[in-house]
Amino acid sequence: MNLSTRYLGLDLKHPIVASSSPQSKTLDGIRRLADAGAAAITLFSLFEEQIRAEQESVDFLIGRTTYSSAESLSYFPQSAEYSVGPGEYLELIYQATQAVDVPIIASLNGITEHGWVDYAKDMVDAGARAIELNIFFLPVDIMTTSQEVEEQYVRVVETVSSAVSVPITVKLSPYFSSTGHMARRLVEAGAKGLVLFNRFYQPDFDVEGRVVQSRLDLSQPSEIRLPLLWISVLFDRLHCSLAATTGVHSSLEVVKYLMAGADAVMTTSSLLKHGEGHIATLLTDLQEWMSSHGFESVEQMKGSMSLKNCAEPEAFVRSNYLKVLQSYSGHR
Amino acid sequence: MLSEKATFMNQQAYADGLESADSKPRTATIDGNEACADVAFRVNEICSIFPITPATSMAELADQWAGEGRMNVWGTVPDVVEMQSELGAAGTLHGGLQAGSLVTSFTSSQGLLLMIPNMFKVAGELLPCVIHVASRALSTNALTIFGDHQDVMAVRQTGFAMLASANVQEAHDFALITQAASLESRIPFLHFFDGFRTSHEIAKVTMLEDGHLRAMLDEELIFAHRARAMSPDRPNMRGTVQNPDVFFQTREAANPYFDRCPGIVQRTMDRFAELTGRRYKAYEYSGHPEAERVIVLMGSGAEAARETAEFLAEQGEKVGVVQVRLYRPFDVGAFIDAFPKTTKAVAVLDRTKEPGSLGEPLYLDVVAAFAERRSAASRPSITGGRFGIGGKEFHAGMVRAIFDELRKPVPKNHFTIGIYDDQGDTHLDFDENFAVEPDSTHAAIFYGLGADGTVGANKNTIKIIGDDPEFFVQAYFLYDSKKSGSQTVSHLRFGPTPIRSNYLIRSAKFIGCHVFGFLNKMDVLARAAHGATLLLNCQFGPDEVWSRLPRHVQAQMISKRITLYVIDATRVAKETGMRSHTNTVLQTCYFAISGLMPREQAIAKIKHSIQVTYGRKGKEVVQRNFDAVDQTLANLHRVVLPEKLDDPSRLPPIAWMDLDGAPDFIKNVTAKIIAGEGESLPTSALPVDGGFPSGSAKWEKRNVADTVPVWNAKDCIQCGNCSFVCPHSCIRTRLLHDSLLDNAPAGFESIAIDAKGFPETRYTLQIYMEDCTGCGLCVDACPVRTKEKASVRAINMVEKDGLEIDNRRHLAFFETLPVNDRSFVDFGTVRGVQFLYPTFEFSGACAGCGETPYLKLTSQLFGDRMIVANASGCSSVYGGSLPTTPWSVNHEGRGPAWATSLFEDNAEFGLGMRLSADRQMQLAHQILGKLSLELGEVLVDELIHSPQRLESDIRKQRARVTALKAKLTTLKGEKAIEARRLLSVADSLVRRSVWIIGGDGWAYDIGSSGVDHVLASGRDVNLMVLDNEVYANTGGQSSKATPLGAVAKFASAGKRSGKKDLALQAIAYGNVYVARIAMGANPQQTLTAIREAEAYPGPSLVIAYSHCIAHGINMEHGMEQQRLAVHSGYWPLIRYNPELVEVGDNPFILDSARPSVSLNAFCENELRYRALRYTQPEEAARLLEMAQQQVTRHWALYERMAQ
């Protein structure tokens, strides 16, 4: 049985990729993921904003206390420059590429043009085989138009892809008026892959303490619907790789995503929940399913249920909505 | 005998050195401490250190360099070891020397005193080494951190040789000369230079290369040192016990070594001159070759004296100066030979004070030297004088005054210069304005706020200009004693010739005033030269600024023909993305308008410096700074000044002293010190024994906060949390009867009391805005979120501008309201405590200080009967620094009696107070017994036997003492004598509450043995350890309280060992009440613990978690950090109450719940932990993991103990 696939021009031994998660924050974690059989590893994101915030915090905390008293001209050792930068992240990429033989995909969340380009270049220099752009821009300013938001995405992809030699993939937001068109524009701008979709931190309220809390819950299998829809729609219509992420807890979701047209299937939540060893379970179950259903290769499955290849393409458009409602009332 | 061989053996190194000398000399713009440490580090193998101002940075640099792997000239990285005290540092130095290494230490003042016992040993054993001292005054009637020679003069009898540096270059050079001379002579050396004046002065120094160092240090001598060292392979005994038969002879046996030493020093100096071209003499004369009047002195004062003497000599005055560099062993011959034969009158200046002596030590030595070497007829007249004590200025005008005095037939002897001694008439008058500086020197003064970037920018400026081979530079910085809203003054000099005027600038061509409000507070233009330029940073534009200037400033500007420039640096910085960093903007202004160099060239230099400084941080940061430079020039405006004073009706300036109703001392003395006029106070105005009035802080309205809290009465639930956590006692509440509101000023707010049983009673809360530092802890502590807006609380920060006048009116009324009766207040709850009068208020501690809320609370609970022994450290600085002190008195005139002794002896000091209080109570009991008939048996019995645990008990006892005093005054005859005896101790019948307060540096390190001993004494003392886990006062050095994994100075790679569990140590005694508290996590537990500790009749130890700016946190959330410290299990809240044993309970109570967050959740918010992650991420992770394990183990232990 041939499980191999190609994602971003990288030959993967199978389609299951460890997605950005706390597990890839340490070299040990990366080793464990590779040992457990991940076909590729996307590192956790380097957040430019975080780096800036930390640098500002360091500048503030040191600046506020320096040269204010004759006895204590400073409060921290001068030896350390406390230069907060991507050094730790880049070192991790480098160490990871030395330690494991699966491709390491770096993930970047920038906020300035300098940030996007400089950090992307640094990541390539450190050994990243591809870069995932984790673009997240929440337009809370109600004067910002959708065009402006879209332009910003396109500009980032253009800038980074022209600055580095490795493939760029974009972890996409589902919140576009025309997701398919946006996907097309990003590919035209230079993206070699799309990851569908990003799950964003959304606030919750603690009504007792009356404070806003931000936390990210693990995804549920039911959440695969939205990416499944759009992978199916985009399959074979854009010159790029497609990766599915969100809701992959069992081989069933892997099968569905592959059938929709994904070149790679990413998982975070299930690995956090069950440990890295779950990759082997997913693979075994995938093989069993393929074998019991007579599939010989992943390639065979890819896109077999996509908008282009499925038996009922109308299910992807409005009539699908009506149908769901009917079946819902039918159950009652 | 060694030297011949040594010179032979050293030929190669010496040739290398000459080669170094041939290459172009490298210069650096550094301060005296760095200049000295740079050499000391490279010529030693071990540095045993302990922080003490102003020597600390030498130790810090050594530690830093060792951390960076910098090597000494023999290719090894010196071992830098922080000890628990200078006593420990000296012991380690002694042992290291005995075992054959090259060991040094850096110290000052009290630290040097702690080294004395070992210094006698080291010198007695002829162990070569150098201790480098930034010399400083000793603590006598008061402590001062500033320079004089009291410390070094206190060790002149130890047998150490003593060599004095007078400037930064000498501090560098003599660090080497002393090391070489010590190795050759075997005499240990004290190399000293004046604290602050030299240790902190920044100047351009020609650096010694490793080649120079190797050339000067004969390795053969090091071999010899090692060969003499202790070794089991060739053992001998050191430190024997001797008897009268031989001890005397052994003391005399080493004389030849001391005799040879001065010759060795001079030869070493000569050899140094061959290598470097810088020639020094042990006793150096300068001035007129036929001088008749000569001043003798040592240290930095010699620079000013020599410059002045040379200036006067050029004008034909026959004056000169003999600078003493080698003070011990004193070379009489070389000294006498230094004088011109024409000398008729000599004034010897000592920078020290020896009360009761015939004269100060240098004077006595000079008298003896002339007496020994010159016949009575050929001797000059010799007078002695004192100068520069405690960092007092010494400038050209004073030098000339002394020369003028020497003209008199009988010059004043034992004079003082620099003060006005109206009591003893010892002073000499001098001319403040006499100047000898060359016209080519450019002098500039900058006024700024601490940490506002002014000093940093000036340090940068001095380096930029110092790098220019055409300029010599000098910079010196002044800071006031406050830790929040402190003022800084920078004195910068530049010139084409070496700068020798090492005193504050008298006449500046440029004044930078970076805070507009200073114009109201101080005489910013007092030191401005005629025609000087003033740069004002303010929000007012060129058309508006004139009308905003105080009248006296306008007058000065017109009379001095000042050129005025204005810039709104805050706005420019903000607009160019520099946020609050105004340093680049203000530095650019200076370069652009000072005229120091052509503007284009100056700007290019700034930009080059920006590139070098920020290049590493990325193009964008550099660009942002470049933008700031460019925008500065566009926003810098020259103001055309009118010829006449402006007379608009302007807003009254903010009062910064409110002296209405102040005692005379405050008006006549304190107010002058606040106003910066302390120099003018005569000796008669000041206390003779160090006693100052309590409660002076309230008269100084510092107005350091831009934003202040405002009470939202409508939503307040009267919980008292805000008042509880306020570090500066700026939030006070009172309950008042409705009727009292009749005269309330408009806008005075109050609400109905939120409790039953108090009819017609209202609650009011007042903010002392002008004393507030704007820390925001109160807002963070407020539990209220208003119903309509979750962002609004019952107390909220707002811009202060415009609120002051109403606030003053409200406070004036508030202070007329009756203070709530203590007997009505529930002491047991946080809610109740808010109504207790604080007798610790408005300290100069950092905004958001984590220590002071504990002190304020203690003062509220026990202030009226409290005696405080306070260890040196932050709490003694914000607690006792002039001009004003926060320890105060209540409406009855009672309050804490506060004193400091030293850093190391505080527990013992406090025990003495306990013993004394007990003694007096015992005496009172004894006399009461004798007078029982006259006073009434019931009263006497109650006075002696009534319980005094609760506040109500105390109130009753006070009433009894009042009754007793009334009766005592009526007694007659013999009984009257007993009555007087009893009256002298009657107050002590009210139980004294003795508090021994200090930081972790004291309790865990330097005072540890005393703490241990006092806890073991069983006496009723209360030790409060304000544990901020670091030596914060000296700038954040590691202590044994510093936690595992945190970065601190002397632990720059993260502390590798865990924090000492002081609580468990004390619990081990079994009869000590112990509590570990954290106000931010559980205020109620804090209150309960402090009350229990005080009530416990034996020793108590309260360890209080104190968040601190040295943790690198946002101080606004300091209390939240305390909460996380507890919730992560890092700081378990405990109480150990031995009294519970008696009732059969477990005395160990664990007051906090099981950890609910990871240690990382606590650490993540603190730079002290994060810092290591930036530099050594893997090590940071490893240490954090270890720390988490430690917390888990520790918690398990505590849980077992609590079961």
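Tutor: In chain B, helix 8 and helix 12 pass each other in a right-handed crossing. A crossing counts as right-handed if the near helix is turned clockwise from the far one by less than a right angle, and as left-handed if anticlockwise. Helices are DSSP runs (H or I, at least four residues), numbered from the N terminus.

This is a predicted model, in which local features need pLDDT of at least 70, side-chain atom pairs count only at pLDDT 80 or more, and totals for chains, interfaces and linings use all residues. Residues are numbered from 1 along each chain as its sequence is written, while chains are lettered from A and ligands numbered from 1 in the order in which they are written.

Helix 8 of chain B covers residues 168-185 and helix 12 of chain B residues 255-276; their axes come within 9 Å and cross at roughly 135°. Axes here are lines fitted to C-alpha atoms over the stretch in contact, with angles from 0 to 180 degrees between N-to-C directions. Helix 8 of chain B and helix 12 of chain B are therefore oblique to each other, a class left over once angles under 35 degrees (roughly parallel), over 145 (roughly antiparallel) and 65 to 115 (roughly perpendicular) are set aside.

From helix 8 of chain B, the contact draws on Asp173(B), Ile177(B), Ala180(B), Ala181(B), Glu184(B) and Ser185(B). Helix 12 of chain B contributes residues including Tyr257(B), Arg260(B), Ile264(B), Met269(B) and Phe272(B). Two residues are in contact if their C-beta atoms, placed from the backbone, lie within 7 Å. By class, this contact has nine nonpolar, two polar and three charged residues; Ala, Val, Leu, Ile, Met, Phe, Trp, Tyr, Cys and Pro count as nonpolar, Asp, Glu, Lys and Arg as charged, and the others, Gly among them, as polar.

A second pair in chain B, helix 22 (residues 583-593) and helix 23 (residues 599-614), has axes that come within 8 Å and cross at roughly 150°. Helix 22 of chain B and helix 23 of chain B are therefore roughly antiparallel to each other, and their crossing is right-handed. Among the residues in this contact are Phe591(B) of helix 22 of chain B and Ile603(B) of helix 23 of chain B. The contact divides into five nonpolar residues, two polar and one charged.

Technical notes:
Helices (H or I, at least four residues) and strands (E, at least two) are DSSP runs, numbered from the N terminus.
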